[in-house]
Amino acid sequence: MLAKAHITVGMAAAFSILAPDSVPEALPVAAGASLGCLICDLDCENPKERSDSSHWRIVMALIAAATLFEDYHIDAGMWRSLAQSGSYLWCAGVVGFALTCAFASVSSHRGFSHSLLALALEAVSLWLVFPAAAPSFVVAFVSHQILDITNKKPVRVFYPAKAGLSLKLFYADRLANKVCAVVGTVWLVAAVVICLR
């Protein structure tokens, strides 16, 4: 699937599963999911997919920044947890996240970056830096894997094993992608309204 489908489904899944019931609880959910829903596609090789993913990664980075900005204004606690984190473990988390992302960006598409190994390394690194965002990051990452497994091209979920998983149901850039984006959008709006009503 392409970026819009991954974003809407990943964010919707995070809000549905973690069910934040206030704006302060929703902010780290949005921040973590905004990272997790597209981080798998750091490895896009196809120019169309790379362009699509790059543009949407900028949007998701802006969403993550907006959650931090809002957190600062309502003093929900995300900034305080980041500001108080200057330990060796925090630094290890930043370095670990950056190195994992760097390796993912040069791996073959749907290889390391889509694997459980990448998920574990990135989730632990993020937890060391920003613990409140880690659960939604994991949910969004897993939703990305699940959507991609329905496609024709295999996903190396158990990297470094060579074999990949594919249900061979859909092409990533055709009708199923549009349906997932629309369903994900409706689901996301409903999930946010239900959580924050």
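The side chains of D148 and R110 meet in a salt bridge, with 3.4 Å from N to O. The model is predicted. One salt bridge is the total count. The pair ties helix α7 to the loop between α5 and α6.

- D148 sits in helix α7, whereas R110 lies in the loop between α5 and α6.
- The two residues are 38 residues apart, so the pair links distant parts of the chain.
- D148 counts as buried because its relative accessible area is 0%, under the 20% cut-off.
- R110 is also buried, because its value is 5%, again under 20%.
- Side chains of opposite charge can pair when their charged atoms come close.

**Helix α5: extent**
- Helix α5 covers residues 88-105, which is 18 residues.
- From first C-alpha to last, α5 reaches 26 Å.
- That span is close to the 26 Å expected at 1.5 Å a residue.

- G93, G96, F97, T100, C101 and A104 are buried in α5.
- An α-helix has 3.6 residues a turn, so residues three or four places apart point the same way.
- Y88 and L99 are exposed, on the other side of α5.

Technical notes
Residues are numbered from 1 along each chain as its sequence is written. This is a predicted model: local features need pLDDT of at least 70, side-chain atom pairs count only at pLDDT 80 or more; totals for chains, interfaces and linings use all residues. Side-chain values use heavy atoms; hydrogens and water are left out. Helices (H or I, at least four residues) and strands (E, at least two) are DSSP runs, numbered from the N terminus. The expected span of a helix is 1.5 Å times one less than its number of residues. Buried means under 20% relative accessible area, exposed over 50%, partly exposed in between (1.4 Å probe, protein chains only). A salt bridge is a side-chain nitrogen of Lys or Arg within 4 Å of a carboxyl oxygen of Asp or Glu.
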